Amino acid sequence: MTASAEAAGVVLYFLDALGGEDVDWIAHHVSDDFENCHLTALGEDSDGREEYCSRLPAFLADFEDRYYRVDEMVHQADESGDVVVVRYTFRAGHQGVSLSVPGIAWFRVQRGKITLRIDSWDSLTVLQQIEAD
């Protein structure tokens, strides 16, 4: 298995972990200096594993039955580590509303840990689905 294929596996395990309730298992996949960046109006950035983990319980509580369906994945190695890009559909319940939200996330993986996630998802779709119910 190539290094970039191993990095893709780390990302898949991370996305799967986000469907569960175990903050420690989610945190296991990210580095101490993990940067979580959102390119959407409703997202909030975090800097470092500690800050990221402090926000996870609210996310887990707000979105029940979470699932990231991977629609497409591309991975490659470059001079600063491995890059994995995922086109996904996030599915979850939120206050009784079923959400289905398209997104794209760009991950940098170094030494088996995610060091950077840049996430862009359709916040207008979220608002429209919540208001439509």
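A: Helices (H or I, at least four residues) and strands (E, at least two) are DSSP runs, numbered from the N terminus. Two housekeeping notes. This is a predicted model, where local features need pLDDT of at least 70 and side-chain atom pairs count only at pLDDT 80 or more, while totals for chains, interfaces and linings use all residues. Residues are numbered from 1 along each chain as its sequence is written, and side-chain values use heavy atoms, with hydrogens and water left out.

On to the rings. Phe, Tyr and Trp (its six-membered ring) pair if their centres lie within 6.5 Å; planes under 30 degrees apart are stacked, over 60 edge-to-face, and the rest tilted. That rule gives nine aromatic pairs. One of them is F34 with Y52: the ring centres are 4.9 Å apart and the planes sit at 75°, so this pair is edge-to-face. It ties together distant parts of the chain, with F34 in strand β1 and Y52 in helix α3 (residues 49-62), 18 residues apart. Both F34 and Y52 are buried (buried is under 20% relative accessible area, exposed over 50%, partly exposed in between; 1.4 Å probe, protein chains only).

F63 and F90 also make an edge-to-face pair, at 5.7 Å centre to centre and 75° between the planes. Here too distant parts of the chain are linked: F63 is in the loop between α3 and β3 (64-78), F90 is in strand β4 (residues 81-94), and they are 27 residues apart. F63 and F90 are both buried. These two also belong to one aromatic cluster, formed by F59, F63, Y68, Y88 and F90.

Now the surface. Patches take residues with over 30% relative accessible area and no salt bridge, joining like charges within 9 Å and nonpolar side chains (Val, Leu, Ile, Met, Phe, Trp, Tyr) within 5 Å. A salt bridge is a Lys or Arg side-chain nitrogen within 4 Å of an Asp or Glu carboxyl oxygen, and areas come from Shrake-Rupley with a 1.4 Å probe. Asp and Glu count as negative, and their charges are placed at CG and CD. D33, E35, D45 and D47 form a negative patch. D33 lies in strand β1 (residues 30-38) and counts as exposed because its relative accessibility is 52%.

L42, L124 and L127 make a nonpolar patch of about 260 Å². L42 sits in the loop between β1 and β2 (46-47), and at 41% relative accessibility it counts as partly exposed.
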